[in-house]
Amino acid sequence: MSDGIQRRVVSLWFPQLASDRVLRQHLIDAPFVLTLKQKNANRIYCLNGDATRKGLHRGMSYADARAFCPSLQSAPADPAQDERFLHVLRRWAMRYCPWVGLEGCDGLVLNITGSAHLWGGEPAMITDMRRRLAHAGVSVRIGVGDTRGAGWAMAHYGEGIAPACDMLGTLAPLPVAALRLSDDMSVALQRLGLRTIGDLASAARAPLTRRFGPGLLLRLDQALGHQSEEITPLADPPHYGVRMTLPEPIGLLSDVMAGTERLLVQLCAKLKAQEMGARMLCVILRRVDQDEQQVELRLARPLRDAKRILPLFERGLSEAEAGFGIDQLRLEATQVESLPAQQISHVSGRASDKLDDLISRLGTRIGLENIQRFLPADSHIPERSFIIAPAAYSDPQSGWSSANPRPLCLFPPEPIAGTGPHPPNRFRWRRMSLTMGRATGPERIAPEWWLSDENWRTGLRDYWRVETKQGRRLWLFYTPQNPGWFVQGEFA
């Protein structure tokens with residue numbers, strides 16, 4: 001290197017990452033696999049050491065695996081949880097060096113240049129890594145080299161510490177697959193007699209480039225250090241939380257609200273810098289007796305306006321027990337959403353802001369999911385022409401359109417006595433005797449044949465709008481294929 005410092009890279013490979021994550025929570029002393037459905041078949045996604053010793057392997061059909069090992073235990077795989085677990089390991093690895101990146105979906109890469117001496121040298125650092133990971137129940141293979149490619153090769157095919165400045169001598173006996181090549185390219189090289197990295201390094205470069213492209217020699221040069229390959233550490237996600245430690249305990253609601261306001265101003269500044277808005281906030285009150293109380297606030301829309309959020313906390317904070325006093329306040333946005341900056345206007349948004357605040361206030365009492373709104377749906381069937389969605393997680397829509405008026409109140413069909421295709425002059429409905437005054441119709445509605453709905457098995461429906469002399473305005477329908485009269489709705 002140009003600055004005279006020898007670069008050193010550590011590669012951590014977790015061959016049983018997914019199964020280790022599950023077995024850390026539920027210890028199973030038996031062959032165990034995680035299965036994932038691929039191409040209409042359950043296949044082994046990850047397996048523990050006992051299953052490997054039974055002859056099972058990744059990609060194997062689960063049915064075949066059970067035939068080989070009747071005592072096999074299994075669970076469904078969750079790649080999303082595995083990815084989160086890998087990020088947890090990445091944060092743990094930052095204890096050894098600040099430059100930690102991901103290596104695929106089951107590995108980490110660390111640039112330990114200039115930090116190994118803090119642990120007593122590379123062997124002592126590697127020993128500490130193995131000990132801590134073994135204590136956590138995570139199996140690992142570790143490789144150390146001058147380059148990222150060399151570290152990966154040592155972790156997957158050599159597992160050890162490669163001497164500095166001698167990459168070719170260390171990697172020469174390893175197979176060509178140690179260069180992070182595809183399976184097809186590795187097989188093609190072996191058929192040509194190039195089985196090891198040493199064989200590949202001594203072969204003519206021009207014919208290899210013409211046949212396999214520049215990617216092959218690029219991997220070789222990266223492993224040997226002739227071509228640079230950077231390690232890009234992942235940035236830690238922003239933490240939307242602030243705290244305040246008080247010199248003297250407080251207990252009055254006004255004091256707690258004042259402290260919450262100061263924390264809200266700081267938190268909203270963080271949210272604004274990231275163009276995010278809070279959907280769920282939590283205030284944690286720590287009392288002098290070390291007891292904690294949480295006050296949670298769920299918002300109907302993402303917000304970062306401290307003046308609008310603060311009044312919504314008043315009801316929850318008023319119910320908190322201060323005890324002998326509160327000496328610390330913590331405020332955290334536990335759920336955030338994107339909230340890009342918008343053009344400021346003196347007219348736009350005022351009505352919707354008040355409605356959102358009202359929904360948030362009511363939601364703190366009865367739950368946001370219990371405040372619902374109707375949204376239009378693409379169907380000519382009356383009961384399918386709308387959907388009900390929580391108002392806090394949906395936007396009002398204006399797509400309501402119908403050639404004929406629909407009743408304000410819609411309910412399941414209720415039979416009434418009547419014969420013939422015209423509405424009956426007199427009928428009883430809900431213990432009321434009604435007399436028809438005026439009828440408008442019919443409006444014929446055909447069932448949606450592509451959907452199986454038991455209520456529409458009778459076929460066509462002829463709908464009538466009936467005004468009774470008693471003041472009721474009802475929505476009746478007649479079924480020609482299976483004669484009968486029903487009431488399904490009532491107009492305002």
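Residues are numbered from 1 along each chain as its sequence is written, and side-chain values use heavy atoms, with hydrogens and water left out. In this predicted model, local features need pLDDT of at least 70 and side-chain atom pairs count only at pLDDT 80 or more, while totals for chains, interfaces and linings use all residues.

The largest nonpolar core comprises 32 residues. Such a core is a set of buried Ala, Val, Leu, Ile, Met, Phe, Trp, Tyr and Cys residues joined through side-chain atoms within 4.5 Å; buried means under 20% relative accessible area, exposed over 50% and partly exposed in between (1.4 Å probe, protein chains only). Leu-281, Ile-309, Phe-313 and Leu-331 have the most contacts inside this core. At least two core residues each are supplied by strand E8 (241–250), helix H12 (253–273), strand E9 (276–287), strand E10 (292–303), helix H13 (306–318) and strand E11 (326–338). Helices (H or I, at least four residues) and strands (E, at least two) are DSSP runs, numbered from the N terminus. H12 gives the largest share of the core, seven residues.

Ile-309, in helix H13, counts as buried because its relative accessibility is 0%. Leaving aside neighbours within four places in sequence, Ile-309 is in contact (heavy atoms within 4.5 Å) with Leu-264, Cys-268, Leu-281, Leu-297, Leu-299, Leu-303 and Arg-304.

In helix H8 (residues 183–191), the residues Met-185, Ser-186 and Leu-189 are buried. Seen down the axis of H8, its buried residues fall within an arc of 100°, so they line one face of the helix; the arc is that of the directions from the helix axis to the C-beta atoms. Their cover includes helices H9 (197–202), H10 (205–212) and H11 (214–224). Asp-183, Asp-184 and Arg-191, on the other side of H8, are exposed. Just after H8, Gly-193 has a positive phi of about 90°.

The second largest pocket has a volume of about 550 Å³. On a 1 Å grid over the protein atoms alone, a pocket is an open set of points where a 1.4 Å probe fits, with protein on both sides within 12 Å along at least five of seven lines; lining residues have an atom within 4 Å of a point. The volume is the space filled by probe spheres set on the points. Of the 19 lining residues, Pro-382, Ser-385, Phe-386, Trp-400 and Arg-406 lie nearest the pocket centre. Strands E12 (372–376) and E16 (432–445) are the elements that give two or more residues to the lining.
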